[in-house]
Amino acid sequence: MIARNLRITGRVQGVFYRDWFVEQARGIGVTGWVRNRADGSVEAMVCGSSEKIAAIVEKAHQGSPPSRVEDVVVSEAAEEIFERFEKRPTV
């Protein structure tokens, strides 16, 4: 199991990106969280197998239908234990 932090930029707030991302993450089977950031980006922590992480990163690039993803920056993160995937408040 590995963990990655994703920072998604573009038109990703106010377009149901987080709700869409939660649905995608749960469908793929990763755990972690997603939240809006005050700077207009979306941040996610995802944990799972390398194959599942690759799948959710690909989905992050696609985005929800009304969103326009400009970039997804993926960085290594310390592995954490999450029971499920959830939406968190803006920071």
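Mentor: Here is a walk through the core, then a stop at one glycine. Keep in mind that the model is predicted.

Start with the span. UniProt, in an unreviewed entry, places the feature "domain: Acylphosphatase-like" at residues 3–89. That span is 29% helix and 39% strand. Its end C-alpha atoms lie 20 Å apart.

Now the core. The largest nonpolar core has 20 residues. L6, I8, Y17, F21, V46 and F85 have the most contacts inside it. Four elements each supply at least two of its residues: the strands β1 (2–11) and β3 (42–48), and the helices α1 (17–28) and α2 (50–62). The top contributor is α1, with 5 residues. A separate core of 5 residues lies apart from this one; A3, W33, M45 and F82 are among its members.

Last, the glycine. G63 sits in the loop between α2 and β4 (68–76). Is G63 buried or exposed? Its relative accessible area is 10%, and buried means under 20%, so G63 is buried. Beyond residues up to four places away in sequence, G63 touches Y17, W20 and V69. Y17 is one of the core residues listed above for their contacts. G10 is 53 residues from G63 along the chain, and their C-alpha atoms are separated by 10.0 Å.

Terms used
Residues numbered from 1 in each chain as written. Predicted model: local features only at pLDDT ≥ 70, side-chain atom pairs only at ≥ 80, totals over all residues. Heavy atoms only, no water. UniProt positions renumbered as here; feature names shortened; annotations may be inferred. Core = buried A, V, L, I, M, F, W, Y, C linked by side-chain atoms within 4.5 Å. Buried < 20%, exposed > 50% of the residue type's maximum accessible area, 1.4 Å probe, protein only. Contact = heavy atoms within 4.5 Å.
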